[in-house]
Amino acid sequence: MSAALVEVHEGPEALATAVAGELLSRIEDAQADGREPHIGLTGGTIARRIHAEVARLSPDSDVDWSRVVVWWGDERFVAPDDPDRNAGQARSDFLDAVPVDPGKVHPMPSTADASSAEQGAADYGDAMRADGAGEFEVLMLGVGPDGHVASLFPGHAALDVDDRIAVRVHDSPKPPPERISLTLAALNRSRSVWFLVSGEEKADAVARALAEPPPDLHDIPAAGVSGLEETIWFLDRPAASRL
Ligand SMILES: O=C1O[C@H](COP(=O)(O)O)[C@@H](O)[C@H](O)[C@H]1O
């Protein structure tokens, strides 16, 4: 577990450019050290801007995309072509623009892949185990105004599941209601955890997550996640306004 660092950028554009550049350089460093980095993606508004910046900046980097393994922290359990899918958004925002090995991109199951979100969660856990995955080089996570992280929402029973890699989430207060999420135990196995937060409506959640003493993770689930070596909160000024 690492102490949290906070990095504040002027607005969402500057935040997206900084995070995208840092991600490319972390991947380069890991590859230079002989590792094939596994990265964990998130969905959400600021993540989409960051992904677009990764696509823009990637040609000037030395990243070997054929040696990058891609996973997701959460997903909406909907049809594969549903615009709500985090994986579909990431594909159109950057994965289709970089030469990734399709066999190393691991979207969470959709309704076409699994009979239920519960089955999909079990399958995703099996896929991660079979790949020897779990310790992400960098895991990026959005945070909701309610403090949710991945698809772990305040007060939800999924927060207490510690015997699985992924869990079904139903009754998500944010639509769509049926989702799959990595558990807190799985989210807490990454070298670096990066929280990506933009907007004044999230300032309270950020301040509460970073408060001392830490809040109950049933109130602010994001407070329950940190990196093994590094935890960075990448914020824009409005999101940092109540720190
Ligand atoms: O539902 C979700 O929301 C969060 C944050 O999204 P945002 O639009 O408020 O930035 C996201 O991190 C998560 O992956 C997603 O499923």
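In what order do the six strands of the open sheet stand? The order is β1-β9-β8-β5-β2-β3, and the pairing is parallel. The model is predicted: local features need pLDDT of at least 70, side-chain atom pairs count only at pLDDT 80 or more, and totals for chains, interfaces and linings use all residues. Residues are numbered from 1 along each chain as its sequence is written, and side-chain values use heavy atoms, with hydrogens and water left out.

View 1. Helices (H or I, at least four residues) and strands (E, at least two) are DSSP runs, numbered from the N terminus. Two strands pair if DSSP finds at least two bridges between them. The edges of the sheet are β1 (4–9) and β3 (69–72); each has a single partner strand, so one side of each is left without a neighbour in the sheet. Ignoring direction, neighbouring strands are turned by 20° against each other on average.

**View 2. Pairing of β2 with β5, and helix α1 on the sheet.** Strands β2 (residues 38–41) and β5 (residues 138–142) pair in the parallel sense over two bridges. G40 has L139 of β5 as its bridge partner. Helix α1 (residues 12–32) packs on the sheet and touches β1, β2, β5, β8 (192–197) and β9 (230–236). Contact means heavy atoms within 4.5 Å. The direction of α1 makes about 155° with that of β9. Axes are lines fitted to C-alpha atoms, for helices over the stretch in contact, and angles run from 0 to 180 degrees between N-to-C directions.

**View 3. Helices α2 and α3.** The axes of α2 (residues 45–57) and α3 (residues 86–93) come within 8 Å and cross at roughly 30°. The two helices are therefore roughly parallel to each other (angles under 35 degrees count as roughly parallel, over 145 as roughly antiparallel, 65 to 115 as roughly perpendicular and the rest as oblique). The crossing of α2 past α3 is right-handed, a term for the near helix being turned clockwise from the far one by less than a right angle. On α2 the contact is made by R48, H51, A52 and A55, and on α3 by Q89, A90, S92 and D93. By class, this contact has three nonpolar, three polar and two charged residues. Ala, Val, Leu, Ile, Met, Phe, Trp, Tyr, Cys and Pro count as nonpolar, Asp, Glu, Lys and Arg as charged, and the others, Gly among them, as polar.

View 4. At 14% relative accessibility, E53 counts as buried (buried means under 20% relative accessible area, exposed over 50%, partly exposed in between; 1.4 Å probe, protein chains only). Leaving out residues up to four places away in sequence, E53 touches A16, T17 and A20. The C-alpha atoms of E53 and V63 are separated by 14 Å, with the two residues 10 apart along the chain.

**View 5. Cis peptide bonds.** P175 and P176 are joined by a cis peptide bond with omega about -5°. P176 is in the loop between β6 (166–169) and β7 (179–182). A cis peptide bond also joins E212 and P213, where omega is about -5°. P213 lies in the loop between α6 (203–209) and β9.

View 6. A150 is not a glycine, yet has a positive phi of about 50°. A150 is in the loop between β5 and β6 and is buried, with a relative accessible area of 6%. D171, also not a glycine, has a positive phi of about 60°. The loop between β6 and β7 contains D171, which is exposed at a relative accessible area of 54%.
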